[in-house]
Amino acid sequence: MALNFSCHAAVLNTHLHCKLDATLNKSPEKVRDLLIKNKVPLITTFPQKSLQKGNWVKLICGASFEDVVDIRNLSLVYTLAGVDCIDCAADEAVVNAVNEGINVAMTILPLRRPWVMISVNDDEDLHFRKAEFDPDDCPKDCTRPCEKICPANAIFKAGVINERCYGCGRCFPVCPYDKIKAMNYVRDSSETSKLLERDDVDAIEIHTNGRQTDSFKELWSGLGDSVNHLRLVAVSLPYTGDSTVSMMNKMYSILEHDLSCLNLWQLDGRPMSGDIGRGATRECIAFARCLVSSKDKPPGFLQLAGGTNAHTVDGLRKHNLLQTTICENSERSMLSNSDALIGGIAYGGYARKIVGRILSCMESEGGLAHIESYPDLLLMAVMEALNLVGGVKSYTHTL
C-alpha cells in the first residue's frame with residue numbers, strides 16, 4: 001500500500017519528516033525493531049512500579065468516547081508505546097475493544113500488559129455528556145462552525161455521531177442559533193459492578209466535582225464487593241480552591257475501609273483541552289504544584305490530566321515536580337505514600353489527536369479497519385505515540 005503526499009503532511013510532525021521515506025512499505029517487524037531499538041521492553045515495568053518511579057503514563061480513550069473501532073486501534077498503538085493504563089468508558093463493547101487492541105499489540109511484541117480502567121461519575125460531570133441537536137432545525141445557510149470546531153469529527157449534516165462525541169462542549173458556544181444542547185448522564189453502579197468483576201478490568205476511576213461527598217459515598221457503596229477485584233482506585237477531581245484537600249480527605253475516609261489496592265488522585269486541570277496547545281497545560285501543572293506542597297493531602301499517588309500534551313513534561317521539570325526516586329516498599333505500603341511527587345501523566349485528547357490523524361487515513365471497509373492491516377500507518381502511529389510516551393518514560397529517542 002502506498003500513501004500519497006497529502007496524507008503524509010497530515011499525519012507527520014516536523015520531527016518525523018526526515019524519516020518519511022524510511023517509513024514506507026514496512027512490515028510489522030519494523031515496529032518490533034523500532035520498539036526494541038528504543039529499549040521499550042526494558043524500560044516498561046509493571047504499572048505499580050511505574051507509579052513508584054514517577055513515570056506512569058495513562059491513555060484516556062474518553063469517559064464518553066465510544067467509537068469502538070478507534071478505541072481498539074488506539075489501544076493497540078499505545079500498548080506498543082508502553083503505556084501503563086488505558087482508561088475507557090464503562091461500557092461492555094468499549095472494554096472489549098480496548099482488550100482486543102491490547103491482545104493484538106502483544107502478538108506484535110509481548111510487552112507487559114497495561115491495566116484497563118473504566119470511568120464512572122457520581123454526579124453531573126463534563127466528561128459524561130453528549131452534544132445533541134436536530135439538523136432539521138438548522139438554517140440552510142448556516143456556515144456550520146460546530147462541525148469545524150469539533151475535535152472528534154462527531155458532527156456532520158445529519159447531526160451528532162453519538163459514539164464519537166465525548167462532551168468537550170466546544171460546539172455549544174459557537175452555534176450562531178443556540179441549537180446545540182447537552183445530554184448529561186450518570187453511569188449505573190450495578191452495571192459498573194459487573195464490569196469490575198471481569199478478569200480483564202483492573203481499575204476504576206470515579207469522576208467527582210469535589211464539592212460534596214454524598215453522591216460519591218452512594219456510588220462507592222453501590223459498587224459493593226466488586227471493588228475487591230481491583231488493582232487501583234482513582235478519583236478524578238478539579239481544583240476547587242482551599243477546600244480541595246479537605247474534600248479529598250473526606251473522600252478518602254469513605255474509600256479507606258473497603259480499599260484493598262492502590263489509590264490515585266487524578267488532578268484534572270483543564271478538562272478535555274490538551275489538544276488545544278501549550279497554554280492548556282498550565283492549569284494542571286498549577287494544580288499539581290498546590291497538591292505537592294500540601295502537607296495535609298490524603299494517601300495516594302498524584303497524576304496529572306486535563307490539558308496534558310507534549311508540553312506537560314517540560315512544565316513539570318521546570319517546577320521540579322517529577323518524582324525521581326524509586327521506592328522499594330511493598331505494594332500495600334504504597335497506599336501510605338503521601339509524600340510522593342507526581343506519579344505520572346494521563347494523556348487524552350492530545351494522545352487521540354496525534355494518532356487519530358493517522359487512523360483517519362485508513363480505508364475503512366464496513367467500519368472494521370484494523371491498523372495492523374496498514375503496516376506503514378501502524379509504524380507512523382507508533383512513532384507518534386513513542387514521542388509522547390517517551391517524554392515520561394525516557395526512551396532512547398532514536399526516532
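I start with the element names: helices (H or I, at least four residues) and strands (E, at least two) are DSSP runs, numbered from the N terminus. The model is predicted, so I keep to its rule that local features need pLDDT of at least 70 and side-chain atom pairs count only at pLDDT 80 or more, while totals for chains, interfaces and linings use all residues. Residues are numbered from 1 along each chain as its sequence is written, and side-chain values use heavy atoms, with hydrogens and water left out.

**Entry 1: the pocket**

I looked for open space on a 1 Å grid over the protein atoms alone; a pocket is an open set of points with protein on both sides within 12 Å along at least five of seven lines, a cavity is a set where a 1.4 Å probe fits but cannot get out, and lining residues have an atom within 4 Å of a point. The largest pocket holds about 500 Å³ of space; volume here is the space filled by probe spheres set on the points, which are joined across faces, edges and corners. I find 22 residues in its lining, with Asp70, Asn153, Arg164, Gly356 and Ser360 nearest the centre. Two or more lining residues come from helix 6 (68-80) and from helix 15 (349-359). Which helix gives the most to this lining? Helix 15 does, with six residues. By class, I note nine nonpolar, six polar and seven charged residues in the pocket lining. For these classes, Ala, Val, Leu, Ile, Met, Phe, Trp, Tyr, Cys and Pro count as nonpolar, Asp, Glu, Lys and Arg as charged, and the others, Gly among them, as polar.

**Entry 2: the cavities**

I get three cavities of 30 Å³ or more. The largest cavity has about 250 Å³ of space, and its 24 lining residues include Ile60, His127, Met272, Gly348 and Gly349 nearest the centre. Helix 15 turns up here too, giving the largest share of that lining, three residues. The lining of the largest cavity splits into seven nonpolar, 13 polar and four charged residues. For the second largest cavity I write down about 110 Å³, and its lining has 13 nonpolar, two polar and one charged.

**Entry 3: salt bridges**

My cut-off: a side-chain nitrogen of Lys or Arg within 4 Å of a carboxyl oxygen of Asp or Glu. How many salt bridges are in the whole structure? The search gives 18. Arg164 is in the loop between strand 6 (159-160) and helix 9 (171-174), Asp70 is in helix 6, and they are 94 residues apart. Both Arg164 and Asp70 are buried (under 20% relative accessible area; exposed is over 50%, partly exposed in between, with a 1.4 Å probe and protein chains only). I also looked at Glu205 and Lys58, which meet at 2.7 Å, N to O.

**Entry 4: rings**

Rings of Phe, Tyr and Trp (its six-membered ring) pair if their centres lie within 6.5 Å; planes under 30 degrees apart are stacked, over 60 edge-to-face, the rest tilted. That rule gives me four aromatic pairs. One of them, Phe128 with Tyr185, is edge-to-face, at 5.9 Å centre to centre and 75° between the planes. Phe128 is buried at 0% relative accessible area, whereas Tyr185 is partly exposed at 23%.
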